Amino acid sequence: MVEDATELYREYGDDRLPPGQREFDEFPVLSKSGTPSWDPESWSFDVWGAVENELSFSYQAFRDLPSTTQRQDFHCVTGWSALGCEFTGVPFPEITERAGVRSDAVHVLFHALDGYTTDLPLSDCQRSEVLFAYGRGGEDLAEPHGGPLRVVTPHKYAYKGAKWVEGVEFLTEPEPGYWEQRGYSDTANPWNEERYG
Ligand SMILES: Nc1nc2c(c(=O)[nH]1)N[C@H]1C(S)=C(S)[C@@H](COP(=O)(O)O)O[C@H]1N2
Ligand SMILES: [Mo]
């Protein structure tokens, strides 16, 4: 079953397309550098920092976690939006439930295979539409789009969703990631046009 998460915009604004965005029919690839390689044998997804239980999942163990398929919109800060993308993956709260996030955890830093990082307040991550996605349109997520595993954040500009994610670090204070260090917004709400910090 495909859940519909495209109504999420109603929490933030009147229009599904955020201000200053253009709808694209195709789904472009946007990466700071190339597509990193990965090895299914040694790949792991790790959870550490301000948690009760540090976790490490093999590729298969991650694929065995409870998952969902959702239709979601995707908004790049450079002005394009891809509407109604169908992603399959593990909701963020599934991970925090298993890790037992400590009460002093306030932010989350996502780490990726290409050295990319991005930071969000924990409260912005604890919702069922924030997915660790391994599928799109019923197929394994293509590597240029972040396969084997990426984050999607339909309520934020898409730079908050790390492609090739390999770990999540729970922080007791904010730590700016790759684009946040380069002047982009910490909060990145598309309906408020929070593009720059
Ligand atoms: N690891 C990693 N994640 C990343 C990026 C990146 O360069 N590296 N680019 C971000 C930006 S700016 C956008 S718009 C989306 C693009 O995702 P796409 O290439 O699947 O369209 O990924 C985000 N996540
Ligand atoms: Mo972007």
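Here are a few questions and answers about a pocket and a ligand in this predicted model.

Q: What makes us say that ligand 1 sits in the largest pocket?
A: A molecule sits in a pocket if more than half of its atoms lie within 2 Å of the pocket's grid points. Ligand 1 sits in the largest pocket by that test, and the space there comes to about 370 Å³.

Q: Which of the residues that line the largest pocket are closest to its centre?
A: They're Leu 30, Tyr 116, Ala 158, Tyr 159 and Trp 179, out of 23 lining residues. By class, that lining has 15 nonpolar, 4 polar and 4 charged residues.

Q: Why is His 145 called a polar contact of ligand 1?
A: The cut-off for a pair of N or O atoms is 3.5 Å. A polar side-chain atom of His 145 is 2.6 Å from an oxygen atom of ligand 1, so the pair counts as a polar contact.

Q: What about Arg 150 and Lys 163?
A: Arg 150 has a polar side-chain atom 2.7 Å from an oxygen atom of ligand 1. For Lys 163, the distance from a side-chain N or O atom to a ligand oxygen is 2.5 Å. Both values are within 3.5 Å, so these pairs are polar contacts too.

Q: How much of ligand 1 does the protein cover?
A: On its own, ligand 1 has 530 Å² of accessible area, and the protein covers 99% of that.

Q: What kinds of residues make up the shell around ligand 1?
A: There are 13 nonpolar, 3 polar and 4 charged ones. Among the 20 residues around the ligand, those that come nearest include Pro 28 and Lys 32.

Conventions: Residues are numbered from 1 along each chain as its sequence is written. Chains are lettered from A and ligands numbered from 1 in the order in which they are written. This is a predicted model: local features need pLDDT of at least 70, side-chain atom pairs count only at pLDDT 80 or more; totals for chains, interfaces and linings use all residues. Side-chain values use heavy atoms; hydrogens and water are left out. On a 1 Å grid over the protein atoms alone, a cavity is a set of points where a 1.4 Å probe fits but cannot get out, and a pocket is an open set with protein on both sides within 12 Å along at least five of seven lines; lining residues have an atom within 4 Å of a point. Grid points are joined across faces, edges and corners, and a volume is the space filled by probe spheres set on the points. Ala, Val, Leu, Ile, Met, Phe, Trp, Tyr, Cys and Pro count as nonpolar, Asp, Glu, Lys and Arg as charged, and the others, Gly among them, as polar. A residue is near a molecule or strand if one of its heavy atoms lies within 4 Å of it. A polar contact is a pair of N or O atoms within 3.5 Å; within protein, one must be able to donate a hydrogen and the other to accept it, and residues adjacent in sequence count only if both atoms are side-chain atoms. Accessible areas come from the Shrake-Rupley method with a 1.4 Å probe; for residues, only the protein chains shown count as cover.
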